[in-house]
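Hi,

Here is the structure I said I'd pass on.

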Amino acid sequence: MSHDSSVIFSLEEKLTLYLEKTQDEILEVWQESIIIHEHDMYKGSIKDNGFQMFLLVKRSLLGEICEHDIQELAYKVAHERVITDVNIGEYVYNVNVGRSTVIKFINKSGISIADLHAIIDRINQDFDRFCFHTVTRYTELKDNELKEKVLFINQSHKDRLSLLGQMSSSFVHEFRNPLTAVIGFMKLLKDEHPSLKYMDTIEHELDQLKFRITQFLHAARLEIVDKSKEMILLSELFTEITSFLYPSIVDGDVDLQTSVNHDCKIYAKKEELKQVLVNIILNSIDAVKDNDHNDRKLTILCDCNKEDITFTITNNGPQIPHEMQSTIFEPFYTTKNLGTGIGLYVCKTIIEKHNGSIECQSDSQYTSFIIKLPYEQKKSIR
C-alpha cells in the first residue's frame, strides 16, 4: 500500500518538474488561441490570469492549494469580466483552451496514459471549479448591477411622474378658474336668452371639460372643495348620470340597459362616486365605438345586500388582454391614442378611499368593471 503511494507521489513530482520545464511553451500555445477584444480594458490581465491558473494547477498536483485559492482568483476574474462587459462565454472558451493545452502537453510528458488518468481527472476538476466559481460570481455581480439599474430607472420614472403631476396639476388648477367664469356667464346668458340655440350643447361640453379637470385635481390630491358625505339613493344617482351622459350615449349609438335596486342607498361623497361611475361609463362608450358592427351594448347593474353594494358595468367592446386588466389602473397608463391615463387611476383611488375594491374582467365577448363598496360606511369614510 505504501509502495503505491510512493509511486503516485513520484509521478506528480515528475509531472510538476515537466510542467515547469515546458511552462513558456504551454503559455505561448495557450495565448495564441485565446480570444481577446481590442477594447477590453483588462486585456493585459487575461494572460496574467491564465498564468496564475497554470501555477495553481502545478501546486494542486502537489496538494499545496485549497478551494479558497481557486475561488480567490475566480472572483478577481469575474469582477474584471463584469466591468469589461464582455460575453462570459468568451471567458469559458479561454479557460477550456487553457485546459486542453495543459492536458495536451501532459500527454507528451512520457508518462503512461494509465498513470496519467487520475492526474488528468484532478486537473479537469481544478479547471471546472475555477470556471464554476467565476461564472457564479459573475452572475451574482450582473444580477446586482441589473437590480441597481432597475432601481435607478424606477426612481427616475417616479421623479418624472412627480414632475409631470406637479406641472399638470398646476396647469389644470389655473385653467379651472377661467372655466368657472365661462360656465357662470354661460348660465347668465342662458337665463337672459332661454331660446338661444346650442346653449344646451355648450353647457354639456363645458360640464364634460369640468369633469376632466376634476379628474386631474383628484389625481394630484389638489381638489379645491372637499364635499361632505351624504346618504345617496343610487337609483336617483344613476338617473342623474344617464341624463348627464345622454348626448354621449346617443352619439355613440349605444344600447344602454340599466338595472338598479331602488332600495339601494350608500353613505358616501356623492360627487366622487358620481365621478367614478361617469368615467367608467364613458370609457365603456368609447370601447363599444370600436366595434366593427352596430350592436353596441352597455349594461349597468347595481345590487346590494347586508354586506356590500356591487356595481357591474359591462360593454361588448374589444377584449382587454389579461396581462393589462390590472395595469390599466396605474397612473398615466392608457390604451387610448389620446388618453391621459388618469381616469381609472382616480377611480381606483376614490373607491379604495371608500374601503371598496374595483377590478376588470374581460374576454372576447364582454368587458366588465366590478365595483364593490361596503354597505355601511358612515363611520369609516375619511
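Below is what turned up about charged residues.

First, some housekeeping: this is a predicted model, where local features need pLDDT of at least 70, side-chain atom pairs count only at pLDDT 80 or more, and totals for chains, interfaces and linings use all residues. Residues are numbered from 1 along each chain as its sequence is written, and side-chain values use heavy atoms, leaving out hydrogens and water.

Let's start with salt bridges (a side-chain nitrogen of Lys or Arg within 4 Å of a carboxyl oxygen of Asp or Glu). The count comes to 13. One of them joins Asp-128 to Arg-99, at 2.9 Å from N to O. That pair ties together distant parts of the chain, with Asp-128 in helix α6 (residues 113-192) and Arg-99 in helix α5 (residues 88-106), 29 residues apart. Helices here are DSSP runs (H or I, at least four residues), numbered from the N terminus.

Is Arg-99 buried or exposed? Arg-99 counts as buried, at 11% relative accessibility, while Asp-128 is partly exposed at 41%. Buried means under 20% relative accessible area, exposed over 50%, and partly exposed in between (1.4 Å probe, protein chains only).

Other bridges sit within one helix. Glu-140 and Arg-137 meet at 3.2 Å, N to O; they are 3 residues apart in helix α6, so about one helical turn separates them. Lys-348 and Glu-352 pair up with their closest N and O atoms 2.7 Å apart, and lie 4 residues apart in helix α10 (residues 343-353), again about one helical turn.

There is also a salt-bridge network linking Glu-67, Asp-126 and Arg-129.

Cheers

Notes
Helices (H or I, at least four residues) and strands (E, at least two) are DSSP runs, numbered from the N terminus.
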